Amino acid sequence: MNLGVYIQVPFCQTKCTYCNFHTGVVAREKYKPYAGAVCREISALASSSELAPLRGATIDSVYFGGGTPSLLEPAALANILNSLRTSFGLATCEMKSCSLIPEVTLEADPETITTGKAAAWRAAGFNRISLGAQSFDDRELQAAGRMHRRADIFAAAEILRAAGFRNISMDLIAGLAHQTRASWDESVARILDVRPEHTSIYMLEIDEGSRLGSESLAGGARYSAREIPSDDAMAEYYDTACVQLARAGYEHYEISNWGLPGFRSRHNLKYWRREPYIGFGAGAHSFDGARRWSNVHDSTRYVTCIEQGMSSREQVESVTPEAALEEELFLGLRQLEGIDLALIERKYKVRLRERIAPLRRDGFVELDGTRLRLAPDRLTVSNEVFVELLGQGMERA
């Protein structure tokens with residue numbers, strides 16, 4: 001069994017207007033104690049009996065997310081990786097095929113990347129960088145509260161390549177305030193110029209969890225809320241990017257993710273395939289196949305819990321068969337290859353054919369043999385499909 005590890009670093013230089021994550025701006029003096037607490041949590045969990053079902057599992061993916069993990073000192077990041085090696089062990093060429101050398105990802109904002117940091121990250125064992133570009137238009141970046149500008153993205157990519165990184169992912173957001181079809185096409189064109197091995201494109205989420213979303217729902221004008229493109233425009237941007245990325249040789253393997261051949265995100269695939277992963281840090285989530293649990297979100301409270309030897313858990317729940325089935329459908333259908341419908345029906349002893357019949361008739365899903373997948377032209381309305389599919393109880397076989 002292979003195991004993924006997620007390290008949460010909930011610190012940012014500033015809070016983006018669209019962000020609905022549990023992250024925040026704190027004094028830099030808090031970074032070192034936090035990293036130390038993560039190391040102690042790793043050691044404590046490795047020595048406990050709680051992970052008995054995962055004994056013998058090999059860590060083959062590590063993902064440092066946030067927040068902005070690249071704000072931590074390289075030495076602190078290296079210490080966390082060393083704690084994982086000491087406490088759990090990482091896959092090596094001696095243990096596995098060299099093609100399964102751990103994928104070790106660090107999320108980084110362009111303006112935080114320097115030549116010295118990039119070299120230190122490589123020396124520590126990071127081999128994949130997820131670069132938060134979001135846009136190549138300075139007006140859009142400024143309105144979103146991003147610290148970097150267009151030139152910083154190009155500079156960061158050059159530094160990472162010079163340091164030896166051969167696996168870079170870059171993000172774009174469709175729907176940022178002031179975005180137009182022309183500016184979107186420019187961002188996609190520039191990302192193809194850089195040609196990262198992996199690309200993620202996210203549709204802007206409008207909800208009360210972010211300042212921008214809350215302002216937009218209230219009909220206000222702050223944060224350029226009235227300059228957000230329409231839903232139809234966002235869908236058009238996404239669809240055009242699908243075409244352009246395919247032409248450039250990228251494989252569209254999940255609703256929001258594309259990779260060049262051999263460069264799909266191995267860590268994120270664990271989430272969509274419901275494989276086990278362990279999270280460390282404030283707000284981190286874990287899944288062992290039967291249970292899900294999460295840590296407290298407040299970073300100060302998290303550090304206090306760890307330093308005082310108390311549990312940092314905020315929630316623990318067993319995954320019921322009903323919940324597992326919903327996850328199989330929701331997460332599986334996010335992948336463009338879809339799900340094996342017959343296998344799921346046997347596994348959970350349910351009948352799904354009648355449920356999906358209207359969705360097939362209306363062209364939202366396709367059934368190829370036993371393989372069920374979202375229709376390629378309906379990816380932008382995937383949430384509506386999931387609501388329809390999961391909205392009623394499943395009929396037992």
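Where is the place of Arg 274? Arg 274 sits in the loop between α9 (266-272) and β9; view 4 returns to this residue. The model is predicted: local features need pLDDT of at least 70, side-chain atom pairs count only at pLDDT 80 or more, and totals for chains, interfaces and linings use all residues. Residues are numbered from 1 along each chain as its sequence is written, and side-chain values use heavy atoms, with hydrogens and water left out.

**View 1. Helix α1 packs against helix α10.** Helix α1 covers residues 31-47 and helix α10 residues 299-307. Helices (H or I, at least four residues) and strands (E, at least two) are DSSP runs, numbered from the N terminus. The two helices meet at an angle of about 50 degrees, their axes 9 Å apart. That makes α1 oblique to α10. Angles under 35 degrees count as roughly parallel, over 145 as roughly antiparallel, 65 to 115 as roughly perpendicular and the rest as oblique. Axes are lines fitted to C-alpha atoms, for helices over the stretch in contact, and angles run from 0 to 180 degrees between N-to-C directions. Residues of α1 in the contact (heavy atoms within 4.5 Å) include Pro 33, Ala 37 and Glu 41. Their partners in α10 include Ser 299, Val 303 and Ile 306.

**View 2. Tyr 34 and Tyr 302 form a tilted aromatic pair.** Rings of Phe, Tyr and Trp (its six-membered ring) pair if their centres lie within 6.5 Å; planes under 30 degrees apart count as stacked, over 60 as edge-to-face and the rest as tilted. Here the centres are 5.5 Å apart, with 50 degrees between the planes. Tyr 34 lies in α1 and Tyr 302 in α10, so the pair ties together parts 268 residues apart in sequence. Both Tyr 34 and Tyr 302 are buried. Buried means under 20% relative accessible area, exposed over 50%, partly exposed in between (1.4 Å probe, protein chains only). Ring pairs link Phe 11, Tyr 31, Tyr 34 and Tyr 302 into a cluster.

**View 3. Phe 88 and Phe 280 are also a tilted pair.** Their centres are 6.3 Å apart, with 55 degrees between the planes. Phe 88 is in the loop between α2 (74-87) and β3 (103-108), and Phe 280 is in strand β9. Phe 88 is partly exposed at 24%, whereas Phe 280 is buried at 0%.

View 4. A cis peptide bond, omega about 15 degrees, joins Gly 66 and Gly 67. Phi of Tyr 223 is near 60 degrees, a positive value in a residue other than glycine. Phi of Arg 274 is near 60 degrees. Arg 274 counts as buried at 14% relative accessibility.
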